[in-house]
Amino acid sequence: MCGIVGYTGKNNAREILLKGLGRLEYRGYDSAGVALAGESGIYIQKKKGRLKELDAKEIPSTNIGIGHTRWATHGKPSNENSHPFSDCTGDIAIVHNGIIDNFIHLKEDLINKGHEFTSETDSEIISHLLEEHFNGDLVDTLKIVVKMLKGSFAICALQKDSKNIAVARNQSPLVIGLGVGENFVASDVPAILDYTNEVKYLEDGDVALLTPNEVRIWDSQDALVERDVVEIQWTIEDAEKGGYEHYMLKEIHEQPKAIHASLLGRLGGFTEVDLGKYDTEFIRLISCGTSYHAALVGKYLIEDIARIPCTAELASEYRYSSPSELHPFTILISQSGETADTIAAAKEAKRRGCKTLAVTNVMNSSITREVDEVIFTHAGPEIGVAATKTFTTQVIMMYLIAIELGLKTKRLLRETAQEYRDELRRIPRHVRVLLDRSEDIERVSEKLIGADDIFFVGRHLNYPVALEGALKLKEIAYIHSAGYPAGELKHGPFALLTNRTPVVAISVKDHTFEKMLGNIGEIASRDSPIIAVGDHDPELEKLSDDLITVPSVPTLFSPILVNVVLQLLAYYTAYKLECAIDKPRNLAKSVTVE
Amino acid sequence: MKAVILAAGEGRRLRPFTSSEPKVMIPVANKPILQYVVEALVSNDIHDIIMVVGYHQEKIKSFFGDGDEFDARISYIEQPKQLGTAHALYQARNSVEENFIVLPGDNLVSTDTIDDLVNEGKTSSVLITTSDEPSKYGVVSMENGIVEDIAEKPEHSISHHISTGIYYLSRDVFSRIEQLMADNTYDLTSVLNSLKDIRELNGIHTESMWMDAVYPWDLLSLNSAALHELATANRGMVEKGVIIKGPVSIGEGSVIKGGAYIEGPAIIGEGCEIGPHTCILPSSSIGNDCTVGAHTIICNSIVMDGARIGYKSILESSIIGEGVSIGAGFVSHTDVVDIIIEGHLERVENIGCMVAEDTTMGGGVTCYPGVIIGDRCDIRTGSLLRDNVLPGSSVR
């Protein structure tokens with residue numbers, strides 16, 4: 001999915017394009033570019049990476065331009081493959097969203113006629129076709145060119161020494177924004193909603209001309225047509241969140257889909273990485289924040305399933321630790337792939353002679369250049385600052401890595417691996433069922449309102465989940481909360497328990513269940529309100545004030561489901577406290593400072 | 001032009017398959033019924049869609065979002081209480097322009113169906129089709145293209161013409177709805193029937209696809225009709241020695257193990273594992289993330305997302321809900337069955353079993369023809385199921 005935007009008018013096109021592209025970042029953000037027409041011809045700047053990689057100071061101030069932002073699902077983003085594209089002369093530039101099915105044939109033709117291509121994209125043929133068939137009028141030429149194209153497209157084109165933008169649409173979204181003395185075009189309304197709320201939606205086969213003072217639209221029969229002016233009633237925020245009140249809630253609900261996508265083609269083993277060729281006698285997982293909790297789950301999984309000694313460390317600590325004789329296989333986890341400490345840790349691990357693997361959600365992010373191997377989580381773009389679906393898919397990757405390593409060490413039987421993979425295949429379904437019980441969780445969240453301190457406890461695989469649950473609540477509900485291994489309560493935190501400190505106790509029926517019941521009994525004797533999350537059990541029900549059960553799965557897979565409960569618990573608590581859920585104070589989505 | 005899709009009802013007669021999602025979201029050929037409606041509108045260049053939602057509306061909203069993915073612009077209006085179709089349409093009164101299309105979200109339609117209505121271009125029209133079982137629907141009597149009467153589910157029907165519930169209307173209808181709602185009449189058929197006196201309602205006949213699932217077993221014919229449009233596509237991993245005949249679509253990340261025999265039309269979703277020597281026969285749909293054990297036979301059936309079927313099972317003319325887990329050696333027998341439903345006898349040809357979501361079964365379970373098993377049941381190994389099982393039951 002890509003986003004495009006165009007502007008012609010009286011104001012500085014640079015600002016409008018960059019802001020508009022920013023609004024379209026939800027459509028993807030792994031390369032971006034702009035083209036502006038000025039007196040000295042067409043200026044193009046395009047970069048792989050996020051929009052902020054563009055050097056705004058370098059971009060000239062003119063009154064007309066087009067821009068593009070992209071999210072690669074397959075294939076590598078690069079400067080060359082980024083939009084906009086120009087023709088051989090540099091007099092025409094285009095941006096395109098969609099897929100041209102017959103581009104190979106058209107490209108061969110153009111090459112035979114002497115056109116030189118700079119990229120491997122289907123999109124670049126459009127600028128060369130415009131050059132080849134140019135008849136003195138850009139929009140006329142575009143009409144000729146779109147007749148040759150098969151596939152889906154939204155196209156914006158501009159030409160030097162002109163204030164006109166020519167656009168075309170077929171099966172890819174394109175909307176025109178109407179201003180006074182200026183006009184806009186974009187893939188989606190949010191890109192232009194800062195400037196106008198009057199839009200015209202183009203229909204399939206339409207070609208249009210935008211000048212600062214008019215918009216003319218022709219249909220596929222080349223008849224001049226009027227499209228209705230639609231007044232947009234909603235705000236930018238509504239548009240991007242697709243019906244949900246917050247990105248965080250949207251992303252929590254996207255988890256079944258994200259898990260499904262992250263497992264696709266991988267349940268028979270990774271094809272992109274061969275862990276078998278590395279020395280994996282000892283493994284170290286390194287990361288920050290929420291990703292660190294995924295790493296901790298990974299540590300337990302790798303130890304349980306593959307029986308390989310494993311440590312999980314914080315990137316900001318590892319960097320300054322002393323090297324040892326050992327050269328553990330090092331796995332770095334970062335959602336954005338831009339976390340400064342994790343990138344520095346990757347460099348440090350390499351310097352120490354370790355082989356490195358990154359687990360990240362963003363293609364071509366900085367960390368991918370620092371490591372030997374990369375696994376992508378395929379969770380899709382995440383906007384909410386509090387990580388939800390990306391954590392879940394990181395944990396899914398931990399299962400897959402542990403299973404692969406288990407088969408390698410032969411500590412995991414093939415038939416057990418098959419069972420585990422069959423269980424993973426059903427996780428999206430279980431999460432969906434759990435999300436249907438949101439109302440129960442919302443009701444329980446009431447119990448957390450008014451508390452100044454909240455404790456989260458769990459054992460074994462669910463200890464990291466307790467940490468993550470506490471972090472989510474801190475981040476978005478601004479309530480002091482702390483996660484502990486349940487066995488550690490007695491060693492200090494117990495002193496703080498009163499009837500005003502709710503305790504969220506994770507208790508699934510694994511080998512620690514009896515011990516957990518004991519711990520919960522002790523907590524109950526301090527009169528602390530207890531919210532138990534886990535499996536159904538009469539004893540547990542008696543001891544706790546509330547019990548939120550998760551669908552029954554083998555306990556090895558419980559962390560994913562328990563965590564979804566804790567996400568919703570944090571969300572609804574923050575919601576009731578009227579916190580800024582998607583943009584918590586003092587926090588940034590990707591921490592690029594050390 | 002805008003279209004209003006009525007998608008607020010549960011579809012009670014399809015229970016237990018509506019326990020956590022409305023009828024419009026039940027998949028046939030791996031797509032919710034409502035998606036066929038949206039796609040038919042979009043391919044007729046109707047991109048502005050208003051969905052009136054109610055029962056489990058979050059399922060609809062999270063699937064369709066703002067419609068971007070479907071090349072539509074979808075907005076949602078809530079019908080808090082599902083009083084009737086006219087009341088549902090009335091909720092959308094501030095969102096439509098002069099003329100608009102109204103259609104139910106739970107009927108399978110094609111591009112041509114909508115085209116038949118739009119092409120006539122007469123406002124105040126109802127699309128009419130023929131049915132073998134007219135008494136289940138609104139039976140229409142017509143003269144010279146003008147509707148004389150619509151009789152809702154008559155005991156003795158005099159015509160095979162039935163209303164599809166698809167209308168092309170103008171804003172005038174809202175004042176009429178107001179009048180009838182004042183008399184506690186909330187269904188659209190009655191509202192439009194009141195137009196017959198002034199001979200204003202045009203009947204437009206269509207031969208294009210229009211199918212309704214009244215009872216659960218009807219889903220199988222919708223599934224088989226939707227599969228007729230299927231194009232062959234293989235985005236999964238097919239091992240050596242698999243035989244594929246006819247149109248078969250295999251989704252990304254799915255693995256088909258050696259020795260499997262697949263005869264289309266059949267669709268297999270994403271991320272599935274189809275075991276060795278399985279046999280998948282025509283008119284079968286298998287959803288995403290399903291596991292099918294070795295030597296299992298699936299024929300003319302719907303298997304929904306996340307289901308697991310054990311080794312050496314036989315699944316014929318059956319419907320398996322989301323997340324159902326079935327042990328090895330399961331058998332569904334098929335036959336012609338007389339099912340008593342809503343106080344009358346319904347003869348169903350060639351039906352197997354219908355199992356609703358998240359039910360788990362041990363090994364060696366056998367189902368009699370026409371048996372309906374509720375959601376979240378726990379059926380122990382070796383059970384012989386002769387009768388329907390209520391949701392949440394335990395069978396030992």
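Helices here are DSSP runs of H or I with at least four residues, strands are DSSP runs of E with at least two, and both are numbered from the N terminus. Everything below comes from a predicted model, where local features need pLDDT of at least 70, side-chain atom pairs count only at pLDDT 80 or more, and totals for chains, interfaces and linings use all residues. Residue numbers start from 1 along each chain as its sequence is written, while chains are lettered from A and ligands numbered from 1 in the order in which they are written.

**The two chains meet through 22 residues of chain A and 25 residues of chain B.** Contact here means that the C-beta atoms of two residues, placed from the backbone, lie within 7 Å. Sort the chain B side of this contact by class and you get 13 charged, 10 polar and 2 nonpolar residues. (The classes: Ala, Val, Leu, Ile, Met, Phe, Trp, Tyr, Cys and Pro are nonpolar; Asp, Glu, Lys and Arg are charged; the others, Gly among them, are polar.) As for scores, the model comes with ipTM 0.79 and pTM 0.75.

**Chain A is split into three pieces: domain 1 (2-239), domain 2 (244-436) and domain 3 (437-594).** Those bounds come from an automatic or database domain assignment. The whole C-alpha trace of chain A spans about 85 × 50 × 40 Å along its principal axes.

**Chain A is built from 17 helices and 25 strands.** Buried residues make up 55% of the 594 in chain A, where buried means 20 or more other C-beta atoms within 10 Å of a residue's own, exposed means 12 or fewer, and partly exposed is in between, with C-beta atoms placed from the backbone. Looking at contacts in chain A with a separation of 6 or more, 70% are between residues 24 or more positions apart.

**H83(A) and P84(A) are joined by a cis peptide bond.** Omega for this bond is about -5 degrees. To find P84(A), look in the loop that runs between strand 4 (64-70) and strand 5 (85-86) of chain A. For background, most peptide bonds are trans, and most residues other than glycine have a negative phi.

**R307(A) and Y478(A) each have a positive phi without being glycine.** For R307(A), phi is near 55 degrees, and the residue sits in the loop between helix 8 (289-306) and strand 17 (310-314) of chain A. R307(A) counts as partly exposed because it has 14 C-beta neighbours inside 10 Å. Phi of Y478(A) is also near 55 degrees; here the loop is the one between helix 14 (462-477) and strand 22 (480-485) of chain A. With 15 other C-beta atoms within 10 Å, Y478(A) is partly exposed too.

**Chain B has domain 1 (2-214) and domain 2 (227-395).** Their C-alpha centres are 31 Å apart. Where these domains touch, domain 1 of chain B puts in 8 residues and domain 2 of chain B puts in 15. The domain 1 side of this contact has 5 nonpolar and 3 polar residues, with no charged ones.

**Chain B comes with 7 helices and 40 strands.** At 22 Å, the radius of gyration of chain B is close to the 21 Å that the globule rule gives for 396 residues, so this chain is as compact as a globular protein of that length. The C-alpha trace of chain B spans about 65 × 45 × 35 Å along its principal axes, and 54% of its 396 residues are buried. Of the contacts in chain B with a separation of 6 or more, 49% link residues 24 or more positions apart. The pLDDT (the predictor's confidence in each residue, from 0 to 100) averages 90 over chain B, and 99% of the residues score at least 70.

**Helix 1 (residues 33-42) of chain B is largely enclosed by the rest of the structure, because 8 of its 10 residues are buried.** Starting at one end, the buried residues of this helix are I33(B), L34(B), Y36(B), V37(B), V38(B), A40(B), L41(B) and V42(B).

**Chain B has a cis peptide bond between R15(B) and P16(B).** Here omega is about 5 degrees. P16(B) is in the loop between strand 1 (2-7) and strand 2 (27-28) of chain B.

How values were computed
Rg over C-alpha atoms; globule rule 2.2 N^0.38 Å.
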